[in-house]
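Here is a report on one protein model, written for a reader who has the coordinates open.

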Amino acid sequence: MRIARAKGSLVVSYQLAVCGIILKRENHDREKKAMTRITRAAPHVSVEEVKERMSHDPRSFYRKRWLIIYNALVDPREAKDIARHTGVSVATVHKLISSYNRLGVAAVETPGKGGRRNQYLTVEEERELLTPFFELAQKGELTTAAHIKLAFEKRVGHEVDETTIYRLLERHQWRKVVPRPFHPKADKEEQRLFLHNFAPLVEEAIESRDPEDDRPVLKMAQDEACFGRISTTRRSWAPKHIRPLTPRHIVREYTYVYAVVAPNEGKMVSLILPFADTAMMNLFLTHVSHTFSTYFLVIQLDQAGWHSAKDLIIPENIRLIPQPAYSPELNPVEHIWEELREKAFSNRVFVSLDAVIDTLCDQLRQLEDNSKLLHSMTYFPHFRMVS
């Protein structure tokens, strides 16, 4: 009996010891949990308003601050978890939440350490300085910032670095772009009237056909361009520290491409011909007439001499609408020439005229097969009005 009691006492003592250890662990966990700092944001504004500011505030660093507030508001947890989720340091989370809980929105929408602490001129004075240059900018005569730099230095009374002028221009949303060219003999009023009256001109051309001709109408534009062995140099992409080297020569051998495009439908046909004259234009119009024999064609074109020569033969399913003189910018086919020259003829030297013709054939076939690209490049506003 004494042994049994002794064994029973040992078992009871062991059980009490285990219970004590468990209780100590639970107390330790409770103490540790109590010591854990949960980062919470005070409800100064609603969750919906926080989400709105977090998504649409125009300043990126404000959006980042509102993201931290949003996390601490909807899912309070340790600062290290919020910092990991938002991509900032733990100290940033502590500092922002502490300030926000005390000050509210003012703690978030407070400028940081950056910005213009020192300035030669105020933004209004800078805008006033730039105003006289607007007219020169419209003419494309500000190819460098030198004139603006001189005016700025005269205003502030001393020299400044070029980067000061570039930052000024960036603040006022100036950028360096390629001007749209136009012929100096172009009549702007005549161009405006042509665009305004384009729909009536098309209707007049359609009414001139045979009353029994019920074929669908294609509104098209036509032009021709010269391509040859005189190489052109254009800007090209290159990694840092590499300056591209491209061959360049002047060999006066060339051929002509005649093309007609229906911008709305993305249809195109072209011919490569040796000359630009009335005989070649007759050949091209015959080819276009046969290719689109199931359509009645109304074609815009420029006032080149071979487009209105007395020997020009116009097929019965074609009507021509001349555009104003010196107005290539009104013709959608000009964009096709720009595409060809940029993609296939810049920074290249051709060993023969046959090589030029082979390249043209390949590129023209690709364009004729890509109706989506043709539509995108050539669907000018005045063609949209008549579609």
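How many bridges join strand S3 to S4, and do the two run parallel or antiparallel? Eight bridges join them, and the strands run antiparallel. The model is a predicted one.

**Overall make-up**

The protein has 17 helices and seven strands. It contains 387 residues, and 34% of them count as buried. Take the contacts between residues at least 6 apart in sequence: 66% of these join residues at least 24 apart.

**Strand S4 and its partners**

S4 covers residues 254-262. The strand is mostly covered, with seven of its nine residues buried. S4 pairs with S3, which spans residues 217-228. In that pairing, Phe227 faces Thr255 of S4.

S4 also pairs with S5, residues 267-273. Seven bridges link S4 and S5, again in antiparallel fashion. Tyr258 stands opposite Leu271 in S5. Val260 has Val269 in S5 as its bridge partner.

S4 and S5 make a hairpin, with four residues between the strands. Gly266 sits in the turn and has a positive phi of about 70°. In a regular strand, side chains alternate between the two faces of the sheet.

**The nonpolar core**

The largest nonpolar core holds 33 residues. Phe227, Met268, Ile336, Trp337, Leu340 and Leu360 have the most contacts inside it. Several elements give two or more residues to this core: helices H12 (198-207), H14, H15 (353-368) and H16 (371-378), together with strands S3, S4 and S6 (296-301). H14 provides the largest share, six residues.

What does Leu340 touch, not counting residues up to four places away in sequence? Its contacts are Phe227, Phe345, Leu360, Gln363, Leu364 and Leu367. Phe227 and Leu360 are also among the core residues with the most contacts.

Ser346 lies in the loop between H14 and H15. Is Ser346 buried or exposed? Its relative accessibility is 15%, so Ser346 counts as buried, the cut-off being under 20%. Beyond its neighbours within four places in sequence, Ser346 is in contact with Thr232, Arg234 and Arg341.

| Pocket | Volume | Lining residues | Nonpolar | Polar | Charged |
|---|---|---|---|---|---|
| Largest | about 850 Å³ | 22 residues | 13 residues | five residues | four residues |

In the largest pocket, Ala137, Gly140, Leu142, Arg175 and Val177 lie nearest the centre. Helices H8 (134-138) and H10 (162-171) are the elements that give two or more residues to its lining. H8 gives the largest share, three residues.

Most residues other than glycine have a negative phi. Gln173 has a phi near 60°. This residue is in the loop between H10 and helix H11 (188-196). Why does Gln173 count as exposed? Its relative accessibility is 70%, and the exposed class begins over 50%.

His241 is the other case, with a phi near 80°. It belongs to the loop between S3 and S4. His241 counts as exposed because its relative accessibility is 75%.

**A residue in H7**

Glu125 is part of helix H7, residues 123-130. Its relative accessibility is 28%, so Glu125 counts as partly exposed. Where does Arg155 lie relative to Glu125? The two are 30 residues apart along the chain, and their C-alpha atoms are separated by 9.9 Å.

Technical notes. Residues are numbered from 1 along each chain as its sequence is written. Side-chain values use heavy atoms; hydrogens and water are left out. Buried means under 20% relative accessible area, exposed over 50%, partly exposed in between (1.4 Å probe, protein chains only). Two strands pair if DSSP finds at least two bridges between them. On a 1 Å grid over the protein atoms alone, a cavity is a set of points where a 1.4 Å probe fits but cannot get out, and a pocket is an open set with protein on both sides within 12 Å along at least five of seven lines; lining residues have an atom within 4 Å of a point. Grid points are joined across faces, edges and corners, and a volume is the space filled by probe spheres set on the points. Ala, Val, Leu, Ile, Met, Phe, Trp, Tyr, Cys and Pro count as nonpolar, Asp, Glu, Lys and Arg as charged, and the others, Gly among them, as polar. A nonpolar core is a set of buried Ala, Val, Leu, Ile, Met, Phe, Trp, Tyr and Cys residues joined through side-chain atoms within 4.5 Å. Contact means heavy atoms within 4.5 Å.
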